[in-house]
Amino acid sequence: VHRANGFFAGLLGSTTVEADLTMACVDCAPEVARALASPADFVAPALHQALLGTSGYYPYGLPELRAAIAAMLTSRHGLTTKPEEVIVTSGAQQALDLLIRCELVPGQPAIVEDPTFPGMLDALQRSGARPVGVPPGDPARLARAIAAHRPGLAYLIPAHHNPLGVSMTADAAQQVVGLARANPDVVVIDDMTMADLPLGGRPPAPLAALAPGLPNLVTVGSLSKTYWAGLRLGWVRAPAGIIARLAAAKAAVDLGSTAYQQAIVAAVIAELNESILTARLAWLQPRYEALAAALDKYLPDWTWARPQGGLSVWARLPGGADAGTFAQAALRRGVGLVPGRLLSTSGDDEAARHVRLSYAQPPEVLTEAVRRLAEIELR
């Protein structure tokens, strides 16, 4: 049984959780729902007919969607991108899995931040790679880890870190780019899945935008946190050589993501991306404020930093309480949350004192969930 199973348990079986704070999943954007219900309003007849005349297999992704993603990265994030530098994947999870398959061999070290996105830890464990943890936003510790372990890749979340919610400083980002330049054999992955979810202020620029043409800087993104997770559409932005390796691996896995849905999403990105993101921020803000207010009211002795963006709060339990035990008690009250050990490479005592609370649920659900958590006696 791989170590991250506890995080995915809610997806793999039935559950009695009434307030699920484990999964950072957003409601389907109305524009996306409309496009899926009436695809003919978005997909041009000529493209519709052209698609039906093909096999439908696009390991690199539908050309129209690759172009739409490249244009979005260029205009919105200042990351000049050509369509041939993009591969479409089944969410960011598959993007990370393909990068692990292509850039690591079993037993090889991979640097990740500690804590980090549990899906990456799960993928690394399944591949037989050896994760090495470093504190988020600490280029000095990252440099020492690279020198000591000579990893095949380093996985970072510079914009609205999952689970901390913080963003990497401009100075730290420049230092990371310098490390990538000095270590060309290490693929540095910038996961920008949460980048379009700020809670005030602008997210930092992607690392690749700071060093155009640096061949080992790779960017991963997804529509799961802004459009809808059910689309299962993510991407990798990388030099053509890496994209070719990833396409070969993806062809062996699934021959390519669903072609017609890609055509729909390409049109939605081109026509409605800005309005969807604006509405998503209006959706996000009251949810975060509800969780923050409930924590202040019901759990004032918990320690947590107000996030700069993303979908979660990283909170430390008071008095040295164990988060795993607390999570079990929370489940008995119908509240699901993620104990810190599942987001840590080491699962040390500090991680064991933390929980991740997603604020993707409606405000009233979040308030009631925290009220129930306050009823638990800490030990």
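**Notebook: cysteines, a helix, a glycine and some rings**

I began with Cys102, which is partly exposed at 23% relative accessibility. My classes are buried for under 20% relative accessible area, exposed for over 50% and partly exposed in between, with a 1.4 Å probe and protein chains only. The model is predicted, so I noted the limits: local features need pLDDT of at least 70, side-chain atom pairs count only at pLDDT 80 or more, and totals for chains, interfaces and linings use all residues. Residues are numbered from 1 along each chain as its sequence is written, and side-chain values use heavy atoms, with hydrogens and water left out.

**Cysteines.** I searched the whole structure for disulfides and found 0. The cut-off was a pair of cysteine sulfur atoms within 2.5 Å. I then checked Cys28. Its closest cysteine sulfur is in Cys25, 12 Å away, and that is too far for a bond. Cys28 is partly exposed, with a relative accessible area of 28%.

**Helix α5.** I took helices (H or I, at least four residues) and strands (E, at least two) as DSSP runs, numbered from the N terminus. Helix α5 covers residues 91-103, which makes 13 residues. From first C-alpha to last I read 19 Å, close to the 18 Å expected at 1.5 Å a residue. The expected span is 1.5 Å times one less than the number of residues. I listed the buried residues of α5; among them are Gly91, Leu96, Ile100 and Glu103.

**Gly152.** I found Gly152 in the loop between α7 (139-149) and β5 (153-156). Is Gly152 buried or exposed? Gly152 is buried, at a relative accessible area of 5%. I looked up its contacts (heavy atoms within 4.5 Å). Leaving out residues up to four places away in sequence, Gly152 touches Glu103, Leu104, Gln108, Pro109, Asp185, Val186 and Val187.

**Rings.** I counted 2 aromatic pairs. Rings of Phe, Tyr and Trp (its six-membered ring) pair if their centres lie within 6.5 Å; planes under 30 degrees apart are stacked, over 60 edge-to-face, the rest tilted. Trp302 and Phe326 have ring centres 5.4 Å apart and planes at 70 degrees, so I logged the pair as edge-to-face. Trp302 is in the loop between α11 (259-298) and β9 (303-304) and Phe326 is in helix α12 (residues 323-332), so the pair ties together parts 24 residues apart in sequence. Trp302 is buried at 6% relative accessible area, and Phe326 is buried at 3%.
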